[in-house]
Amino acid sequence: MNRLRNPILHPVSFHPFGAASEASTVIPKKQLRPRMRKRCRVTARPSFSLVPESMSFFGKSVINYRNIIFFVPLIMTVKTLLLTPIGTIATPFLSKYGAPRQPASAAQQNIGIITLNAHHNFEQALEDLKEFDYIWILFWFDRNANWKPKVLPPNSGRVKRGLFATRAPYRPNPIGLSLCRLIDIRGRRIRIENPDMLDGTPILDIKPYIPHAEAFPDARSGWIGEVNEQCTPSYRLLFSPAVERKFKEIGTKESRDVRTYLTSILSRDPYPHAYRRIKTMKDGTSVIAVRRWRFTFEIDGKNIRVTGSFCGKQTIKNTNEQRTQ
């Protein structure tokens, strides 16, 4: 195919594409309208132009409809990428409210196990990977149905940010990227430390982390450098004896996850937010929802006092009605 100086302004030129098939149609050049004949230059077979039913040349779509060639300008040629997950990961996190924002910001150690699919020779693909301390994990945000050009990250206060300046999961191509410490590899099972993915998340690819090429500790981090999980919290969280007793009743694992979530959210911003399940009741008491639990709290200067805990929305409603009476 001849190169064009400016494919948008110049006519499209193309050569025949081999022998005709079911997907192609050979059209006598004399059947083309005069304007179309000027736009088509055939060198291998001067009397015929082989045009598939639909194709794209240099930003223009060439469509053959009933032996008539149409040239439709395109803004860009769209290609589709088909991805097949190579496995899934098992983590303790069943909802986004319990998962850490980033692997390095986890309050306590959690273990994730990636199981690669069988019968794909992935055992050989994992050779030599155990020599690395950290690995990049590309995964699919399979529980997000749409994307947003502007998002409101949890640590961004009340300011919306451009999607590409955040790690928000609402992306045009829902692909996530996490850096996790590699613990060990056994067959097709990979154990990692502190994953930030939900249980059952599909895994797309695994790559080794290379410190000398990928570590830039002095790099600017934009707005995230001012408000992140490593910054000093603005509030101190205090649990009442009744809430401490409730934590003992609901089980060790669930109480640990709930306590961690409450601390991470309320110690930084205890006010209602689009991404936080916080409401202010008529009597001034605030309520935050964590899974099936609801916790009431009061703001006293720089102290957050968690005063009560309830299960379900109806209990909260009845309790607040009693307080206002």
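Two strands are taken to pair if DSSP finds at least two bridges between them, and helices (H or I, at least four residues) and strands (E, at least two) are DSSP runs numbered from the N terminus. The structure described here is a predicted model, in which local features need pLDDT of at least 70, side-chain atom pairs count only at pLDDT 80 or more, and totals for chains, interfaces and linings use all residues. Residues are numbered from 1 along each chain as its sequence is written, and side-chain values use heavy atoms, with hydrogens and water left out.

Strand β8 (residues 134-140) is joined to two partners. With strand β13 (residues 201-208) it runs antiparallel through 5 bridges, and within this pairing I137 has I206 as its bridge partner. With strand β11 (residues 175-186), β8 is also antiparallel, here through 7 bridges; I137 stands opposite S178, and I135 stands opposite C180. In a regular strand the side chains alternate between the two faces of the sheet. In β8, I135, I137 and F139 make up a covered face, while Y134, W136, L138 and W140 make up an uncovered one.

Strand β11 is in turn joined by 5 bridges to strand β12 (residues 189-193), again in an antiparallel arrangement, with R186 and R189 as bridge partners. The two strands form a hairpin with 2 residues between them, and G187 in the turn has a positive phi of about 65 degrees.

The structure holds 5 aromatic pairs, where rings of Phe, Tyr and Trp (its six-membered ring) pair if their centres lie within 6.5 Å, and planes under 30 degrees apart count as stacked, over 60 as edge-to-face and the rest as tilted. The rings of W136 and Y209 have centres 6.0 Å apart and planes at 65 degrees, so this pair is edge-to-face. It links distant parts of the chain, since W136 belongs to strand β8 and Y209 to the loop between β13 and α3 (211-214), 73 residues apart. Y209 is buried, with a relative accessible area of 17%, on a scale where buried means under 20%, exposed over 50% and partly exposed in between (1.4 Å probe, protein chains only). Y134, W136 and Y209 form one aromatic cluster.

The rings of F239 and F247, with centres 5.4 Å apart and planes at 70 degrees, likewise form an edge-to-face pair. F239 is buried at a relative accessible area of 18%, and F247 is buried at 4%.

Residue N110, placed in the loop between β6 and β7 (111-116), is buried as well, with a relative accessible area of 6%. Leaving aside residues up to four places away in sequence, N110 touches P92, F93, I192, E193, N194, P195 and R256, contact meaning heavy atoms within 4.5 Å.

At the surface, L81, L83 and I175 form a nonpolar patch with about 300 Å² of accessible area together. Patches are made of residues with over 30% relative accessible area and no salt bridge, like charges being joined within 9 Å and nonpolar side chains (Val, Leu, Ile, Met, Phe, Trp, Tyr) within 5 Å; a salt bridge is a side-chain nitrogen of Lys or Arg within 4 Å of a carboxyl oxygen of Asp or Glu. L83 lies in the loop between β5 (68-73) and β6 (87-90) and, at 45% relative accessibility, counts as partly exposed.

Conventions
Areas by Shrake-Rupley, 256 points an atom, 1.4 Å probe, with all protein chains shown as cover.
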